[in-house]
Amino acid sequence: MSTQTPQRPASPGLRMGSPFGIPIYVSPTWLIVAAFITYTFQPVVADHLPGRTTFTTYLVAFVFAVFLYISVLLHELAHCVMARHFGLPVRRITLYMLGGVSEIEREPETPSREFLVAFVGPLVSLGLAAAGFAVSLVVPAETIPSVLILQLWVSNLIVGVFNLLPGLPLDGGRMLRAGVWKLTRNSVTGTKAAAWFGRGLAVALVVLTLGSSWVTEQEPDWGQVLWSVLLASFIWMGASQSLQVAKVRARMPHLQARTLARRAIAVTAEVPLAEAMRRAREAQAGAMVVVDHDGHPTAIVNEAAVAATPEQRRPWVSVGALSRSLEPSLVLPADLAGESLIDAMRETPSGEYLLVERGGDVYGVLVTADVNRVFSGV
C-alpha cells in the first residue's frame, strides 16, 4: 500500500539498507506485531511439527514473522521500482505495525501510470503465493520448510487479494482511482470516488465480521473482531486522508504565484527597520527586498523576524540583520502555479521568495503564509 507524503518527518525507525537506492526502515511497532505473530502462530507450528520442542516451534513462528515482512517489503519495493521507472521520486519504505508504506513524493502524471504503480504490488504478492504453492507440492510434509512455505504462500495470497479491494488507501483503490480518472479526465474525482469506496470497505469489514457470528449464532471470535477493527480503522483513516488530499488538489488552480505576490519595496541593508517599515507603509507594500547600491536584489527581509523585533528596537536594527540572502532557489518565476509552485517551494523551505519576470525584473515577494492561507479550512 502506497502513499505520498509532502513533508519530511524524522527517521521512522531503524534503517535496514537501500536496495535500488531506496532507504528501508523498520518501525519499532513492527516488534509488537512480530511478537504477536510469533505467539499466535506457535500453536499452528506445533500442530504441524509434532514432537518438536516448544523453543523450536516458537523459533519457527518468529522466522515466519520475519519472512512475512520480507514479503511485504518485496510488495512495496515493486511499487517503488515502478514509480522510479516513471521518474517519480521515492523517499523511503517503512515497515510498521500493519504492513508497509511506500513514500512516493509525487503522483504519476497519467491514469495508466497510476494503475501500473498500484497494480505491481499485488502482482508481486500473488506471484510469491503462486511460487510458494508450487514449491509446497514437492517439499516433504511435517518439516520446517513445509510449514513455513505453506503459511507464506497463503499469507501472500491473502495480502495480494486484500490489496486488490477497490478502496483507498489499498492498491485496488488506486487502481479504481486510475479508472475513474481515465473516464472523467479528473484525478480529483477519481480520488474522491476511491476514498468513499474505501470508507465503505472499512464499514463492511467490521459488519461482516460481526454479522457472520450473528448468522451462525456463535460467540464472536474477539481476536478476529479486534483485527477487523484495526484494519477497518487503518482503511478509514487512509480514505479520509485521501479525501483531504483531494480537497487540497481541488484548490490547486487557485494557487498562482503572480496573484498571491505582495508588492515589495527595495531598501539597502543599512536602512533602519523603522525607516524601511515607514517606506513600505507609504508605498502600500507588504514586503521588503534588500538591494545593493547598484539596485540588484541580494536578500529578502524576513517577516517573522520583523514581527519578533520590539518596536522600540526597530530604529536601531538594520534590515540587513533581519534578512535572508537570496539563494538561487529562493528566486522563482512569477508565472509558477499549482503543483509546480509547491514543488519549487518544497525544494528550499523559506518564509519568503522573490518573484521575477522572464526578463529578470522583480515582480514581487511570495510569502509562504499567504500560500498556506489558500488551503486553510480544507
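**Figure 1. Arg 346 and Asp 343 in helix α11.** Arg 346 and Asp 343 are three residues apart in helix α11, so about one helical turn separates them. Their side chains form a salt bridge whose closest N and O atoms are 3.0 Å apart; the term requires a side-chain nitrogen of Lys or Arg within 4 Å of a carboxyl oxygen of Asp or Glu. Arg 346 is partly exposed at 29% relative accessible area, and Asp 343 is partly exposed at 32%. Buried stands for under 20% relative accessible area, exposed for over 50%, and partly exposed for what lies in between (1.4 Å probe, protein chains only). Helices are DSSP runs of H or I with at least four residues, strands are runs of E with at least two, and both are numbered from the N terminus. The model is predicted: local features need pLDDT of at least 70, side-chain atom pairs count only at pLDDT 80 or more, and totals for chains, interfaces and linings use all residues. Residues are numbered from 1 along each chain as its sequence is written, and side-chain values use heavy atoms, with hydrogens and water left out.

**Figure 2. Salt bridges of Arg 258 with Asp 335 and Glu 357**. The side chains of Arg 258 and Asp 335 meet at 2.5 Å, N to O. Arg 258 is partly exposed, at 28% relative accessible area; Asp 335 is partly exposed, at 45%. Arg 258 also forms a salt bridge with Glu 357, at 3.1 Å from N to O. That pair links distant parts of the chain, 99 residues apart, with Glu 357 in the loop between β11 (352-356) and β12 (362-367). Glu 357 is partly exposed, with a relative accessible area of 28%.

**Figure 3. A network of salt bridges.** Glu 107, Glu 114, Arg 174, Arg 177, Arg 249 and Glu 339 are linked in this network. The whole structure holds 21 salt bridges.

**Figure 4. Two edge-to-face aromatic pairs**. The structure holds four aromatic pairs. Rings of Phe, Tyr and Trp (its six-membered ring) pair if their centres lie within 6.5 Å; planes under 30 degrees apart count as stacked, over 60 as edge-to-face and the rest as tilted. Trp 30 and Tyr 69 make an edge-to-face pair, 5.5 Å centre to centre with 85° between the planes. This pair links distant parts of the chain, 39 residues apart: Trp 30 lies in helix α1 (residues 29-48) and Tyr 69 in helix α2 (residues 54-85). Trp 30 and Tyr 69 are both buried. The ring centres of Phe 133 and Trp 153 are 5.1 Å apart and the planes are at 75°, so this pair is edge-to-face. Phe 133 is in helix α3 (residues 111-136) and Trp 153 in helix α4 (residues 144-163), so the pair ties together parts 20 residues apart in sequence. Phe 133 is partly exposed at 39% relative accessible area, while Trp 153 is buried at 17%.

**Figure 5. Arginine charges over aromatic rings**. Arg 92 lies over the face of Tyr 25, at 5.8 Å from the ring centre. The charged end of Arg 199 sits over the ring of Trp 196, 4.7 Å from its centre. A charge sits over a ring if NZ of Lys or CZ of Arg is within 6 Å of the ring centre and within 35 degrees of the ring normal.
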